[in-house]
Amino acid sequence: MMKFSKQNFIFLAGGILIYVVDVGVDFWVACKYFCQGHYCWGILILCFRGLSSLVIQIFSYEWFKNDWEGTDTGKLKWIFLVHLFQCGIFIRYWFALKCGCQAAFKQTNSEAASETDPPNFIQKQAVDVVTDINMLRVFKTFLETTPQLFVQIYILMEHGKFNFCQYAAIFMSFCGISISTVDYQISLRKSLPDKDEFRLLPKLMYLFYKLLTITSWILSISLIALVSVRSSVSLLIFLWICGFTWTLKQHTTFCKSKKMEYLYRIVVGIILIFTFFNIRGRKTKVCISVYYATRTVVTLGILFVSMFWKPSVIKEIHLTIVSIVTVLSLVLGIMFLVIYYRHFHPTAYCRPQACSDEADGEAGQKERVETGRFQNFIMQ
């Protein structure tokens, strides 16, 4: 297991600031839309914000209950109240900063550590609490950030006019997707035994793979929304049903209770609308090939429909540019995907017992809970 470094602590502290700024930008953009009379857009922004916050609080509190099982119920009541007011993520950041500071700055030498509290336990504890935060941020990315990016790009295509708050919203969306995907992979590598460090080149390959394929897909569904909003919504619902059905057939075991497990599967179904995730830690060559082959066919179909019917709200030159960017992003994204899985994926050099196919998260060997969360989470 890799160590929790001072650099990790600095990035963790920066993550809190980015989270607060992101929340502020969401409300700022929503208020701008309300002031301009675009009530539907403002409500959509707030709905995505509220949905992701609610799901995050539910999972966060459930994890606290699992971790603190058999401890003082008074603490759990206090934790419940904090989560009820949608502030549970700040409690987790507080614990992460506390453990991270001890691991990065105050950890004693191995000679001075007791047998019951070895230095690697402090490191593991820091990695575990940060990993929990990063799992929650994955939920936020695909329940809030990515849908908001779709809304903003749709508005840009439909009206062509842009103001500073929309630039800020799109910038924060891309930052959120980038940071959450890379941080999650870093946590995954730290939680896997005998794993090489997630160096700069693999980070860039993975980041470009995710960002480019997601960007291509968001542009595609924005185009079909310009042709018909009803068609785009129907397409997204159909894709969610497919993803949810596939998740059910995988018999996931992420949560201890059946209700939470079904909620987890519902969320994974939403995530699968935007990007591929391996939720069972098995080999994914066939699944990921089918997923992106289908994505390519659907994207080309959307581009054909858009060019044939040519939405009146978008100029022909703009439609041509968007189409080129969509295809180029998809091709480059798949190229980065192939490079990452062929040369930088952990299964190329990790023990079979340590990881089966690390897709975005299931291969963690956390021992803090009997059935470690990270061990059964979505992977890449």
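Thr-326 is buried (under 20% relative accessible area, where over 50% is exposed and anything in between is partly exposed, with a 1.4 Å probe and protein chains only), with a relative accessible area of 0%. Helices here are DSSP runs of H or I of at least four residues, strands are runs of E of at least two, and both are numbered from the N terminus.

The model is predicted: local features need pLDDT of at least 70 and side-chain atom pairs count only at pLDDT 80 or more, while totals for chains, interfaces and linings use all residues. Residues are numbered from 1 along each chain as its sequence is written, and side-chain values use heavy atoms, with hydrogens and water left out.

**Around Thr-326**

Next, display the contacts of Thr-326, where contact means heavy atoms within 4.5 Å. Beyond its neighbours within four places in sequence, Thr-326 touches Ser-216, Leu-219, Ser-220, Thr-299 and Leu-303.

Move to Ser-216, which is part of helix α7, residues 200-227. Is Ser-216 buried or exposed? Its relative accessible area is 1%, so Ser-216 is buried. With neighbours within four places in sequence set aside, the contacts of Ser-216 are Thr-299, Thr-326, Ser-329 and Leu-330.

**Met-307 and its partners**

Now select Met-307 in helix α10, residues 285-309. Met-307 has 42% relative accessibility and therefore counts as partly exposed. Outside four places in sequence, its contacts are Leu-319 and Ser-323. From Met-307 to Leu-319 the separation is 12 residues in sequence and 7.7 Å in space, C-alpha to C-alpha.

**Helix α2 and its two partners**

Select helix α2 (residues 39-67) together with helix α3 (residues 73-84). Their axes lie 10 Å apart, and the packing angle is about 170°. Because of this angle, α2 is roughly antiparallel to α3. Axes are lines fitted to C-alpha atoms, for helices over the stretch in contact, and angles run from 0 to 180 degrees between N-to-C directions. Angles under 35 degrees count as roughly parallel, over 145 as roughly antiparallel, 65 to 115 as roughly perpendicular and the rest as oblique.

To view the side chains, pick Gln-57, Ser-60, Tyr-61, Phe-64 and Lys-65 in α2, which meet Leu-76, Ile-79, Phe-80 and His-83 in α3. The residues of this contact of α2 with α3 comprise 5 nonpolar, 3 polar and 1 charged. Here Ala, Val, Leu, Ile, Met, Phe, Trp, Tyr, Cys and Pro count as nonpolar, Asp, Glu, Lys and Arg as charged, and the others, Gly among them, as polar.

On the α2 side, Gln-57, Ser-60, Trp-63 and Phe-64 meet Gly-88, Ile-89, Ile-91, Arg-92 and Phe-95 of α4. The contact of α2 with α4 divides into 5 nonpolar, 3 polar and 1 charged residues.

**Two loop residues**

Most residues other than glycine have a negative phi. Select Gln-86, in the loop between α3 and α4. Gln-86 is not a glycine, although its phi is positive, at about 60°. With a relative accessible area of 30%, Gln-86 is partly exposed.

A second stop of this kind is His-251, in the loop between α8 (229-249) and α9. The phi of His-251 is near 50°, a positive value in a residue other than glycine. His-251 has 55% relative accessibility and so counts as exposed.

**The whole chain and its confidence**

Finally, show the whole chain. How many helices and strands does the protein chain have? There are 11 helices and 0 strands. Buried residues account for 52% of the 380 residues. Among contacts between residues at least 6 apart in sequence, 72% join residues at least 24 apart.

Colour the chain by pLDDT, the predictor's confidence in each residue, from 0 to 100. The chain averages 81, and 81% of the residues score at least 70. Confidence is lowest in helix α6 (residues 164-191), at a mean of 79, and highest in helix α9 (residues 258-274), at 94. Select residues 108-116, where pLDDT stays under 50 and the model has 6 contacts beyond four places in sequence. Over residues 348-371 pLDDT also stays under 50, and the model has 101 such contacts there. Where pLDDT is low, the predicted coordinates should not be read in detail.
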